[in-house]
Amino acid sequence: MTNSGPDPVSATKVAVIGAGPAGLIVANLLRKAGVDCVVVERHTRAYVEQRPRAGMIEHRVVEMLRRHGLADRLDQMADAHTSCEFRIDGRRHEIDYSALYGGRRHYVYPQQELVTDLVAAFLGTGGDLRFQAEGVRLHDLDTERPSVTYTDAATGRAARIDCDFVAGCDGFHGVSRASVPAGALTEYSHHHGINWLSVLAAAPPSTRSVIYAIHPDGFAGHMLRSSTVSRFYLQCPVGDSVDNWPDERVWAELRKRLALRDERWTLTEGPITEKRMLDMRSFVVEPMGHGRLHLAGDAAHVITPVGGKGMNLALHDGERLAEALAAHYAGSDALLGAYSETCLRRVWRCQEFSRWMTEMLHAPAGEGGAFQRRLAVARLEHILSSPVAAAAFAEDYLGQD
Ligand code: RFL
């Protein structure tokens, strides 16, 4: 993109909406396959490269990034993880999931670092990525030559991109899914009946592996991001607000819910840099596209952070979509025809796993939740005592090949 902005009218094969993990993997892989594409992104480059979100990348996804030469910095910076810890009633139980699933590992690498790498890789090979594209609209999706219009916020100029396909990778609130005619898609949604307070802190991790704590006052999670930053989660009632959670209350509640009964363990605290109330809901749309529009990532499905699957699904969709579009230009539409079904199979598997894990980790506080808490503990004890159950957990948690 130049300072004078893009040409008012341009043509490409694939217009990619959104420069998140899904859109950027589609764009990078299409470029590698020699398929011309243009990416339009609503925000600035600095914004997308600094937006903290996910942090756990599956082994399979890292291998895909390596295959395409997109994992150099990840390989230098990411920590590989092989186990996680559950805390119930103040006692810790470690699961060495890697040993249970062929030595596969998780990689802790913040989402914004991956986005930074994928933006650099795309632009570095001359890719056309247009930031600050305001008012994006999709047209003629039912025809063989759809188009995308927007206004370049930096110059105020209107622009149009004519294309063969649109890859809708603009997240849950994007314009792509909303552009599909009413009734063409079936939506499935579920609210899990809890909220999570999500906290990002400039605090070194107090653990070597992720901690999931089941406590009578609610779930608490300690996630890893880097040597200087940690993410924490606290279960809250639906309708709760960030305003009810001053920093002192956050730390007090984390100390209480994560505490160990018979061991010394200290929670390292630090300045809180982000606090958000997460509405714990799941959503899937079927099929993942309409006409010449194909949806990928959060544009087609959202999943709670339980199990760390959202970004991994977005990258999986993106890989499948790029591969299918490349095959189309090589003369075969079989992969494109199967795209939605292929992705949805993994999406529903992950939704089921995430829901299962949500039920295990949460129970309503107080007397009403006592029965469910016992079920949650029984479920966890099953994984901890049965090698078969533990192996099934490991396969889902690490991501099926
Ligand atoms: P994204 O990342 O939302 O990117 C969409 C991009 O599209 C742009 N956009 C538009 N551009 C043009 N025109 C429009 N009208 C547009 N509307 C939107 C946006 O600016 C953005 O750049 O979607 P994508 O690529 O599908 O990626 C999905 C992932 O970001 C998401 O699933 C994960 O972050 C979910 N998630 C986690 N996933 C994991 O795999 N592991 C984790 O540990 C994990 N932790 C998390 C998470 C999500 C969280 N939040 C904030 C929802 C933790 C949190 C707190």
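A: In this predicted model, an oxygen atom of the ligand is 3.1 Å from a polar backbone atom of glycine 308. Taken alone, the ligand exposes 1000 Å², and the protein buries 91% of that.

Glutamate 41 places a polar side-chain atom 2.6 Å from an oxygen atom of the ligand. Arginine 42 uses its backbone instead: an N or O atom there lies 3.1 Å from a nitrogen atom of the ligand.

Now take the whole shell. It holds 37 residues, and the closest to the ligand are Glu41, Arg51, Gln111, Asp298 and Met311. By type, the shell divides into 15 nonpolar, 12 polar and 10 charged residues.

Next, the elements that these residues come from. At least two shell residues each are supplied by helix H1 (21–32), strand S17 (230–236), strand S18 (272–286) and helix H8 (310–329). The largest share comes from H8, with 4 residues.

Last, the domains. Domain 1 covers 9–75 + 110–187 + 282–353, and domain 2 covers 80–105 + 192–280 + 367–398. Both domains give residues to the shell around the ligand, so the ligand lies between them.

How values were computed:
Residues are numbered from 1 along each chain as its sequence is written. This is a predicted model: local features need pLDDT of at least 70, side-chain atom pairs count only at pLDDT 80 or more; totals for chains, interfaces and linings use all residues. Side-chain values use heavy atoms; hydrogens and water are left out. A residue is near a molecule or strand if one of its heavy atoms lies within 4 Å of it. A polar contact is a pair of N or O atoms within 3.5 Å; within protein, one must be able to donate a hydrogen and the other to accept it, and residues adjacent in sequence count only if both atoms are side-chain atoms. Accessible areas come from the Shrake-Rupley method with a 1.4 Å probe; for residues, only the protein chains shown count as cover. Ala, Val, Leu, Ile, Met, Phe, Trp, Tyr, Cys and Pro count as nonpolar, Asp, Glu, Lys and Arg as charged, and the others, Gly among them, as polar. Domain bounds come from an automatic or database domain assignment.
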